Amino acid sequence: MDYFLMLYFFAGAGQNFLFILNMRFVQRGNALLASIFSFLVSMLSVWVLYDIITRINQSRGILAIVIYSLGFAAGSFVAMKFKLRERS
């Protein structure tokens, strides 16, 4: 069961990383990449919430949400450090 907590952390980090990249693509006016990243972010969000609701019992549910949120914060940090190349 503990491996699911690690999975939630990495899912949260990945979700927010993709979300921030999505916002950058929206800002640059790249509609195709913004749409793709938006789809990935929403799929990941719904999957994690569904999994937490159906798989985790009540006592571990709060811990899973906290772990997921920590991953979300880590994703923000990594995405802010990530540099996209500018097109010439």
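Read along the sequence, the chain follows the pattern α-α-α. Its secondary structure comes to three helices and zero strands, where helices (H or I, at least four residues) and strands (E, at least two) are DSSP runs numbered from the N terminus. The model is predicted, and local features therefore need pLDDT of at least 70, side-chain atom pairs count only at pLDDT 80 or more, and totals for chains, interfaces and linings use all residues. Residues are numbered from 1 along each chain as its sequence is written, and side-chain values use heavy atoms, with hydrogens and water left out.

Taken along the principal axes, the C-alpha atoms fill a box of roughly 50 × 20 × 15 Å. The accessible surface of the chain comes to about 6,200 Å², of which 70% belongs to carbon and sulfur atoms; such areas come from the Shrake-Rupley method with a 1.4 Å probe, and for residues only the protein chains shown count as cover. Of the 88 residues, 33% count as buried. Buried means under 20% relative accessible area, exposed over 50%, and partly exposed in between (1.4 Å probe, protein chains only). Among contacts between residues at least 6 apart in sequence, 78% join residues at least 24 apart, a contact being heavy atoms within 4.5 Å.

The largest nonpolar core has nine residues in all: Phe4, Leu5, Tyr8, Ala11, Val48, Ile52, Ile56, Ala64 and Tyr68. A nonpolar core is a set of buried Ala, Val, Leu, Ile, Met, Phe, Trp, Tyr and Cys residues joined through side-chain atoms within 4.5 Å. The elements that give two or more residues to this core are α1, α2 (31-55) and α3 (58-81), and the largest share, four residues, comes from α1. Apart from this core lies another, of six residues, among them Leu21, Phe25, Phe37 and Val41.

Leaving aside neighbours within four places in sequence, alanine 64 is in contact with Leu5, Tyr8, Ile52 and Ile56. Glutamine 15 is placed in helix α1 (residues 2-28) and, at 7% relative accessibility, counts as buried. Not counting residues up to four places away in sequence, glutamine 15 touches Val41, Leu44, Ser45, Tyr68 and Phe72.

Aromatic rings form a further theme. Rings of Phe, Tyr and Trp (its six-membered ring) pair if their centres lie within 6.5 Å; planes under 30 degrees apart count as stacked, over 60 as edge-to-face and the rest as tilted. By this rule the count comes to five aromatic pairs. Phenylalanine 25 and phenylalanine 37 form a tilted pair, at 5.2 Å centre to centre with 50° between the planes. This pair links distant parts of the chain, with phenylalanine 25 in helix α1 and phenylalanine 37 in helix α2, 12 residues apart. Both phenylalanine 25 and phenylalanine 37 are buried.

The rings of tyrosine 68 and phenylalanine 72 have centres 6.4 Å apart and planes at 55°, so this pair is tilted. Both residues lie in helix α3, four residues apart, about one turn of the helix. Tyrosine 68 counts as buried because its relative accessibility is 11%, whereas phenylalanine 72, at 30%, counts as partly exposed. Tyr3, Phe4 and Tyr8 form one aromatic cluster.
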